Structures are given as structure tokens and as C-alpha cells.
Amino acid sequence: MSKAEYLSELKRRHGELEARVKSDKRRLAGGAARERVEAALVEKRLVETRAKLARLEAEPEGAWQDLKAEMEEDLDHLERSFDRWVEQQKNT
């Protein structure tokens, strides 16, 4: 996979996560204190991941692969965190 294709996929995943958080903003605000903290952490990680994406874009061809595993892990973790929060909301 080329760098451009990989970046496109990462940006798509990141955008989907941002959209999910944004769409559930009202539920986040009305949740319990623990849930609001978890939601704030997810939002913080999204911001950090966006910064990593920018760093990845700036990397020269060849060097960007060093960040590949880190980016995938970050996005996977964000998706799991958000999915866990949604499940908690369904069960309350």
C-alpha cells in the first residue's frame, strides 16, 4: 500500500470516529461523571491522533512506515473506547 493510500485510509477512519463522537455529543454531556471523563479522553486522543496524522504526512517516503503500527494501534484503541462507551449507554 502506498503512503497516499494509507493516509487516505487513516483519515477515513479518523473522520468516522470524529463523526461518531460529534453525533453523540448530547449523550456525552448528559452522562455520568465517569462517562464524561471517558468521552473527554476519547476526544483528547482524537486530537492527538490528528496531530500524528499531520506528522505522518510530513514524513518522507520510506520513513512514514515507522509510524504505521503506532497509528493503527491508536485508531483501534479509539474505536474500542468509543464502542465500549456506546455499549455502556445502551445498558443504562
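Me: What makes a residue buried or exposed here?
Reply: Buried means under 20% relative accessible area, and exposed means over 50%. The model these terms are applied to is predicted.

Me: Which exposed residues does the face of H1 turned away from its buried side carry?
Reply: That face carries Ala4, Lys22 and Ser23.

Me: Which residues of H1 are buried?
Reply: Lys3, Tyr6, Leu7, Leu10, Arg13, His14, Leu17 and Val21 are the buried residues of H1.

Me: What puts them on the same side of H1?
Reply: Around the axis they cover an arc of only 130°, so they lie on the same side of H1.

Me: Why is His14 called buried?
Reply: The cut-off for buried is under 20% relative accessible area. His14 has 4% relative accessibility and therefore counts as buried. His14 is found in helix H1.

Me: Which residues is His14 in contact with, leaving aside its neighbours within four places in sequence?
Reply: Leu46, Thr49, Arg50, Leu53 and Leu75 are in contact with His14.

Me: How do you know that the span of helix H1 agrees with its number of residues?
Reply: Helix H1 has 21 residues, 3-23, and at 1.5 Å a residue these should span 30 Å. The end C-alpha atoms of H1 are 30 Å apart, so the two values agree.

Me: Where is Glu61 found, and why is Glu61 called exposed?
Reply: Glu61 is in the loop between helix H3 (33-58) and helix H4 (65-90). Exposed requires over 50%; Glu61 has 62% relative accessibility and therefore counts as exposed.

Me: What separates the C-alpha atoms of Glu61 and Phe82?
Reply: The two residues are 21 residues apart along the chain, and their C-alpha atoms are separated by 32 Å.

Key
Residues are numbered from 1 along each chain as its sequence is written. This is a predicted model: local features need pLDDT of at least 70, side-chain atom pairs count only at pLDDT 80 or more; totals for chains, interfaces and linings use all residues. Side-chain values use heavy atoms; hydrogens and water are left out. Helices (H or I, at least four residues) and strands (E, at least two) are DSSP runs, numbered from the N terminus. The expected span of a helix is 1.5 Å times one less than its number of residues. Buried means under 20% relative accessible area, exposed over 50%, partly exposed in between (1.4 Å probe, protein chains only). The arc is that of the directions from the helix axis to the C-beta atoms. Contact means heavy atoms within 4.5 Å.
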